[in-house]
Amino acid sequence: MAFHSFNGRFVAGLALTGFMLAAAGCQSSDNGILGFGKKDTTPPPPPDPKVLSSQLQAYCPKVTLRDGTAFFNIYAKSGPKPKKKTNVAAEDAQAAQPAADAAGVDQPDDSAKIIYQASITDVTRDCSRANGSLSMKIAVAGKVVPGPMFAPGTITMPIRIAVMHGTEVLYSQLHSYQVQVTDPSSATQFVFTDSNVVVPEPTARDYQAFAGYDEGAPKGASDKPKKKKAAATN
């Protein structure tokens, strides 16, 4: 009877041990075959580069100022320049001028000849869409500071507004904007707005809008293409 009891406990112990081993084997098998519990090292898929239609509808190109276009200074005209001499001494002096500049020789100070200094302090824009076109209102805010040679009156500033797509010029217009300045002792604020900027509606967020002073345009130059003259007929 005692042997039977011992044998029953022995068999029950073997059964319990077998169940634990089987459970451990199942967990080991899950880790090795199904990958449960392992760290996922698969990189996430790249984001979709496509721009949503709603994003394009809200897109309004940012306006920036190019280097050197935020300031505009006007100086008083100097007297007639002397005629250029052609003798050897004059040529030698002209050739030596770059060396003198490199040596740190001070250049003449023209600050006393300034009529006024104009600067752009802020730019903004507003966009709307219709019939496949993007219409923009680009505003430029700034101030005019009178200089030593200033006299009250109307001044004219050359302000250019442009929109580009890469290297393609979609819109470019040079405006001669006039400001009345009456107080020579303080700065005069101004706001200029170009409401006629119309370009093709963009298909991506890759338009660039620019605003700034452009005093390099030749006199009489026009942004509009010139019409070709008709060929003469016999």
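Which residue lies over the face of F210? The answer is R66, placed 4.0 Å from the ring centre; a charge counts as sitting over a ring if NZ of Lys or CZ of Arg is within 6 Å of the ring centre and within 35 degrees of the ring normal.

The model shown in these views is predicted: local features need pLDDT of at least 70, side-chain atom pairs count only at pLDDT 80 or more, and totals for chains, interfaces and linings use all residues. Residues are numbered from 1 along each chain as its sequence is written, and side-chain values use heavy atoms, with hydrogens and water left out.

**View 1. The whole chain has 3 helices and 8 strands.**
Helices (H or I, at least four residues) and strands (E, at least two) are DSSP runs, numbered from the N terminus. Starting at that end, the elements follow the order α-α-β-β-α-β-β-β-β-β-β. The chain has 234 residues, and 22% of them count as buried. Buried means under 20% relative accessible area, exposed means over 50%, and partly exposed lies in between (1.4 Å probe, protein chains only). The accessible surface is about 17,500 Å², and carbon and sulfur atoms hold 57% of this area. Accessible areas come from the Shrake-Rupley method with a 1.4 Å probe; for residues, only the protein chains shown count as cover. Among contacts with a separation of 6 or more, 75% join residues 24 or more positions apart. A contact means heavy atoms within 4.5 Å.

**View 2. An open sheet is made of 4 strands.**
The strand order is β1-β8-β5-β6, and the pairing is mixed. Two strands pair if DSSP finds at least two bridges between them. β1 (63–64) and β6 (168–181) are the edge strands; each has a single partner, so one side of each has no neighbour in the sheet. Further in, β5 (residues 153–165) and β8 (residues 207–213) run antiparallel and are joined by 7 bridges. One example is V163, whose bridge partner in β8 is A209.

**View 3. Strand β3 pairs with β2 and with β4.**
β2 (residues 71–75) and β3 are antiparallel and share 5 bridges. Here I74 has Y116 of β3 as its bridge partner. β3 is also antiparallel to β4 (residues 133–146), with 14 bridges between them, and I120 stands opposite G142 in β4. The hairpin formed by β3 and β4 has 2 residues between the strands, and N131 in the turn has a positive phi of about 55°. In a regular strand the side chains alternate between the two faces of the sheet.

**View 4. V144 is a buried residue in strand β4.**
The relative accessibility of V144 is 0%, so V144 counts as buried. Leaving aside neighbours within four places in sequence, V144 is in contact with several residues, including Y116, I155, M157, V181, T188 and F190. Y116 is 28 residues from V144 in sequence, but their C-alpha atoms are 6.7 Å apart in space. T188, found in strand β7 (residues 188–200), counts as buried because its relative accessibility is 17%. With residues up to four places away not counted, T188 touches G142, K143, V144, V179, Q180 and V181.

**View 5. C60 and C127 form a disulfide.**
A disulfide is a covalent bond between the sulfur atoms of two cysteines. The search takes a pair of cysteine sulfur atoms within 2.5 Å as a disulfide, and finds 1 in the whole structure. The sulfur atoms of C60 and C127 are 1.9 Å apart. The torsion about their S-S bond is about 75°, so the disulfide is right-handed. C60 lies in the loop between α2 (53–58) and β1, while C127 lies in β3 (residues 114–130), so the pair ties together parts that are 67 residues apart in sequence. C60 counts as buried, at 16% relative accessibility.

**View 6. The structure contains 4 aromatic pairs.**
Rings of Phe, Tyr and Trp (its six-membered ring) pair if their centres lie within 6.5 Å; planes under 30 degrees apart count as stacked, over 60 as edge-to-face and the rest as tilted. The ring centres of Y177 and F192 are 5.1 Å apart and their planes meet at 55°, so this pair is tilted. Y177 belongs to strand β6 and F192 to strand β7, so the pair ties together parts that are 15 residues apart in sequence. Y177 is partly exposed, at 22% relative accessible area, whereas F192 is buried, at 7%. Ring pairs also link F72, Y116 and Y213 into a cluster.
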